[in-house]
Amino acid sequence: MKNRTGTAGTPRIRPRTVVLAVAAGAALLASTALIAPAANAAASTLRAAAAQSGRYFGAAANSFQLSNTSFTTILNREFNSIVAENEMKWDATEPQQNTFNFTGGDRLVAHARANGMSVRGHTLVWHAQQPGWAQNLSGSALRNAMVNHINRVAGHFRGQIHSWDVVNEAFADGGSGGRRDSNLQRTGNDWIEVAFRTARAADPNARLCYNDYNTDGINAKSTGIYNMVRDFKSRGVPIDCVGFQSHLGTTLASDYQANLQRFADLGVDVQITELDVAEGANQASIYERVTRACLAVARCTGITTWGVWDAASWRSDNPLLFDRNGNKKAAYNSVLNALNSVSGPTPPPTTTAPPPVTSTPPPGGGACSASVSLNSWNGGFVATVRVTAGNAAIRGWTVRIALPGGTAVTGTWNAQASGSSGTVNFSNVSYNGQISAGGNTEFGFQGTGSGPSGTPTCTAS
Ligand code: G3I
């Protein structure tokens, strides 16, 4: 039976690896059956317990830790998802402009594949951990660098990432509910939607998440994010999930679950992405309550702890599930028991990924029209183009747009461009060519210089 993780596109493992994983699983099941034939026995690892309801249980890791067999013994036994703690960030992947380094990320992905794990991608764009060259950019130069970075990094890992943290920590702390000031924010308020549109085109099958901290309840910051997600969903900006980092202290907001649920009700998945909890009397109980909250929200698809054991945490207050010697803590048992308490699988989430192309396309022959809306700044622009079918359905479309002299297209999403200057033909991609009579779809492109001013022409097939 296809479980939720599979529905969301994980694990994206090559067929050969799947065969090996299935074979290994079958051998394990066979040997377990000889010893413990009891039905409905509680699962004995986090990954198996989470899988009972179709969820994943993951951990942040660094590639150098994969050389430590004590570490990998726990990682491989307990977790079925990995996220790079640092090695997919902008400073790690593009240390010099347009020079990319995927060594650490590739190693983590290979380890995941070999051990039947999925991979969360963290993170394409963030105001922190930018390489020095990006910190020194602004305006359209930074915007173009961001688009190029997303295209190259998401493109490199295309098909291998379950969910990408496309944008990380873009909202301000405190009571404003607004955006955080940053060099990215100063390129224009639309930078987040441009990042999501670019990521969708670069890796159409990855779930695209917004990720942040201090969002562990209904508060001004989480409400600001909620409003952004609601706006994105209403305008068709591609967003599939929201990550709640959940770096927690000694208390947990009483409306933690209600907050997850209100986001899920917007039509996005929610994920606990960086869970760690201050040591002390409440640690085990907070871990348990977070786990139960996720289990109670059908669209909460998985939990990730920000590390495996206390020895390697970014925090000094022993916030993880395994102690410095790799022993299970009370918090581990509380999470495992909570995961095992689920009586049956919860319903799979509704996918918001582009629908697959149907095998029997509708009849074509209709006409189409196109209109452009522009968001311009000094030296650059983002164009959103709406393609509308006439009185009959269409199977494909091409929009012809004349660009002013000196203007260059630097990135396109949801369409294929024939060139980057002069008169450019934008054609549909696999998932948005078919439009029903009177229906519409949108694509976009970004460029340097000034945006198009004439009326585009649309040709349908
Ligand atoms: O790689 C360099 C190394 O070459 C250099 O010698 C050393 C000197 O300080 O620094 C190393 O880089 C460090 C990097 O981790 C890799 O170890 C950085 O200084 C250090 O700041 C960085 O800390 C990471 C931090 O994000 C900043 O990127 C933490 O490990 C990581 O746990 C933390 O994770 C963040 C999430 O990405 C976002 N949410 C919050 C979370 C906790 O802060």
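Reader: Which atom of the ligand is 3.0 Å from an N or O atom in the side chain of N86?
Author: An oxygen atom of the ligand lies at that distance from the N86 side chain. This is a polar contact, meaning a pair of N or O atoms within 3.5 Å; within protein, one must be able to donate a hydrogen and the other to accept it, and residues adjacent in sequence count only if both atoms are side-chain atoms. The model is a predicted one, in which local features need pLDDT of at least 70, side-chain atom pairs count only at pLDDT 80 or more, and totals for chains, interfaces and linings use all residues. Residues are numbered from 1 along each chain as its sequence is written, and side-chain values use heavy atoms, with hydrogens and water left out.

Reader: What about K89 and E169?
Author: For K89, a polar side-chain atom lies 2.7 Å from an oxygen atom of the ligand. For E169, an N or O atom of the side chain is 2.8 Å from a nitrogen atom of the ligand. Taken alone, the ligand exposes 780 Å², of which the protein buries 46%. Accessible areas come from the Shrake-Rupley method with a 1.4 Å probe; for residues, only the protein chains shown count as cover.

Reader: Which residues around the ligand come nearest?
Author: E85, K89, H122, Q129 and E274 do, out of 13 residues around the ligand. A residue is near a molecule or strand if one of its heavy atoms lies within 4 Å of it.

Reader: How does that shell divide into nonpolar, polar and charged?
Author: The shell holds 3 nonpolar, 6 polar and 4 charged residues. Here Ala, Val, Leu, Ile, Met, Phe, Trp, Tyr, Cys and Pro count as nonpolar, Asp, Glu, Lys and Arg as charged, and the others, Gly among them, as polar.

Reader: Changing topic: how many disulfides does a search of the whole structure find?
Author: The search finds 3 disulfides, a disulfide being a pair of cysteine sulfur atoms within 2.5 Å. With the bonded cysteines of the protein chain numbered in sequence order, the pairing is 1-2, 3-4, 5-6.

Reader: Where do C209 and C241 sit?
Author: C209 is in strand 5 (residues 207-212) and C241 in strand 6 (residues 241-244), so the pair, 32 residues apart, links distant parts of the chain. Helices (H or I, at least four residues) and strands (E, at least two) are DSSP runs, numbered from the N terminus. The S to S distance of C209 and C241 is 2.1 Å, and their link is left-handed, with -90 degrees about the S-S bond.

Reader: And C368 with C458?
Author: Their sulfur atoms are 2.0 Å apart. This pair also links distant parts of the chain: C368 belongs to strand 10 (residues 368-377) and C458 to strand 17 (residues 457-460), 90 residues apart.

Reader: Are C368 and C458 buried or exposed?
Author: Both are buried. Buried means under 20% relative accessible area, exposed over 50%, and partly exposed in between (1.4 Å probe, protein chains only).

Reader: Last topic: how many residues of helix 13 are buried?
Author: In helix 13 (residues 330-340), 8 of the 11 residues are buried, including Y332, L336 and N340.

Reader: Which elements do they pack against?
Author: The buried residues of helix 13 pack against helix 3 (46-51), strand 1 (56-61), helix 4 (69-78) and helix 12 (283-296), where contact means heavy atoms within 4.5 Å.
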